[in-house]
Amino acid sequence: MTAHPTANHPAGHPGVTAPDGVPGVPAVPDGSGGPPANRASGRHRAGPVPPDSGLRPPGGGGGLRATVRHKYLLRLLVRRELRARYKGSLLGLGWSYVRPGVHFSVYFFVVGVFLGMDRAIEDFPIYLFSGMVLIHLFTETIHSTTRSVTGNAALIRKVFLPRELFPSASVLVSLVHFVPGMLILLSGAIVAGWRPTIGGLAAAVLGFAIILTLGLGLGLLCAAINVFFRDLEQVVDISMLVITWSVPMIYPWTHVQTHAPAWALDVYLSNPLVSAVSLFQKAFWLPGTRGDFALPPDLYLHAGISLAFSLLVFLAGRTAFARMQTRFAQEL
């Protein structure tokens with residue numbers, strides 16, 4: 001007599017699933033404790049997939065810290081912007097020396113020689129260029145970061161990258177152009193008798209920090225707003241003309257004190273750019289002079305307030321950029 005294949009394994013045994021089409025083979029437990037799995041399909045029923053807490057909406061994470069984690073991409077964007085700017089150029093980065101030299105020559109001969117400012121201010125070329133190199137860094141930073149997102153619209157639509165990489169790359173390009181101007185300033189200051197001091201170098205670092213922090217904060221804010229309102233580019237271009245004449249670079253601050261009311265002087269001295277330029281002049285121009293020129297009163301107090309204000313602008317710009325960047329790809 002032949003034994004029935006299921007004699008030792010009664011049908012309906014809980015938690016047991018018999019292999020399909022293999023008589024006499026012991027059933028395989030399915031571990032569920034429930035009814036046997038579907039014999040026709042031979043597959044276990046999948047349970048619900050737990051949500052992944054690490055998922056983030058596109059463009060919703062990273063922040064400026066992402067630029068540090070993506071240093072390789074940042075370098076690529078900097079090289080890409082430099083190559084695009086000087087594509088087909090014979091001088092290449094040499095234009096970074098020519099451009100500030102031409103600007104300096106125009107202001108020196110028009111304001112210094114023709115209008116007599118060279119006779120009113122000792123070592124006027126150093127006075128002029130110590131402010132010009134810093135203001136040029138600020139204006140180029142604002143100008144390039146405002147267009148940094150819209151200028152890379154095709155890349156943003158196709159590939160997800162931390163959006164902060166684009167304004168950060170523009171700031172680094174501005175710093176690349178800042179270096180030649182600083183070399184020219186140092187060379188001229190040394191010829192005029194400048195010698196470095198701890199106090200002067202500290203003033204230069206403080207002025208540079210104000211410019212860089214304020215420029216990056218305003219750049220992030222303008223880059224985000226410019227995606228939605230393209231007229232901002234024209235507003236920024238016009239403001240560049242105003243900025244040049246709003247600091248004691250072409251004229252001494254005492255002209256404002258002499259020709260403007262007291263409240264206008266207070267507003268003028270509260271400008272962070274005025275504090276930054278005055279600190280740079282204290283660092284690189286004043287040591288080479290007789291020292292009888294009076295810098296703006298309470299310079300370091302105004303500089304500290306300016307740095308705090310610049311930090312607030314930076315935080316506001318970073319927050320606005322982080323909130324608006326989720327709609328960049330849709331708007332572009």
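**Helix packing and a salt bridge in a predicted model**

Helix α5 (residues 124–146) and helix α8 (residues 198–228) have axes that come within 7 Å and cross at roughly 20°. With angles under 35 degrees counted as roughly parallel, over 145 as roughly antiparallel, 65 to 115 as roughly perpendicular and the rest as oblique, α5 is therefore roughly parallel to α8. This is a predicted model, in which local features need pLDDT of at least 70, side-chain atom pairs count only at pLDDT 80 or more, and totals for chains, interfaces and linings use all residues. Residues are numbered from 1 along each chain as its sequence is written, and side-chain values use heavy atoms, with hydrogens and water left out.

**Confidence**

- The protein has a mean pLDDT (the predictor's confidence in each residue, from 0 to 100) of 81, and 80% of its residues reach 70 or more.
- Confidence is highest in helix α12 (residues 272–284), at a mean of 95, and lowest in strand β1 (residues 16–17), at 45; helices (H or I, at least four residues) and strands (E, at least two) are DSSP runs, numbered from the N terminus.
- Over residues 1–41 pLDDT stays under 50, and for this stretch the model has 32 contacts (heavy atoms within 4.5 Å) beyond four places in sequence.

**α5 with α8**

- On the α5 side the contact includes L134, L137, F138 and I142, and on the α8 side it includes F208, I211, L214 and L218.

**α8 with α12**

- The axes of α8 and α12 come within 8 Å and cross at roughly 150°, so the two helices are roughly antiparallel to each other.
- Here α8 passes α12 in a left-handed crossing.
- Among the residues that meet are A203, L206 and F208 in α8 and L273, L279 and F280 in α12.
- The contact of α8 with α12 has 14 nonpolar, two polar and one charged residues.

**Salt bridges**

- Four salt bridges turn up in a search of the whole structure, each being a side-chain nitrogen of Lys or Arg within 4 Å of a carboxyl oxygen of Asp or Glu.
- R290 and E122 meet through their side chains in a salt bridge (3.7 Å, N to O).
- Because R290 lies in the loop between α12 and α13 (299–324) and E122 in the loop between α4 (117–120) and α5, the pair ties together parts that are 168 residues apart in sequence.

Terms used: Axes are lines fitted to C-alpha atoms, for helices over the stretch in contact, and angles run from 0 to 180 degrees between N-to-C directions. A crossing is left-handed if the near helix is turned anticlockwise from the far one by less than a right angle, and right-handed if clockwise. Ala, Val, Leu, Ile, Met, Phe, Trp, Tyr, Cys and Pro count as nonpolar, Asp, Glu, Lys and Arg as charged, and the others, Gly among them, as polar.
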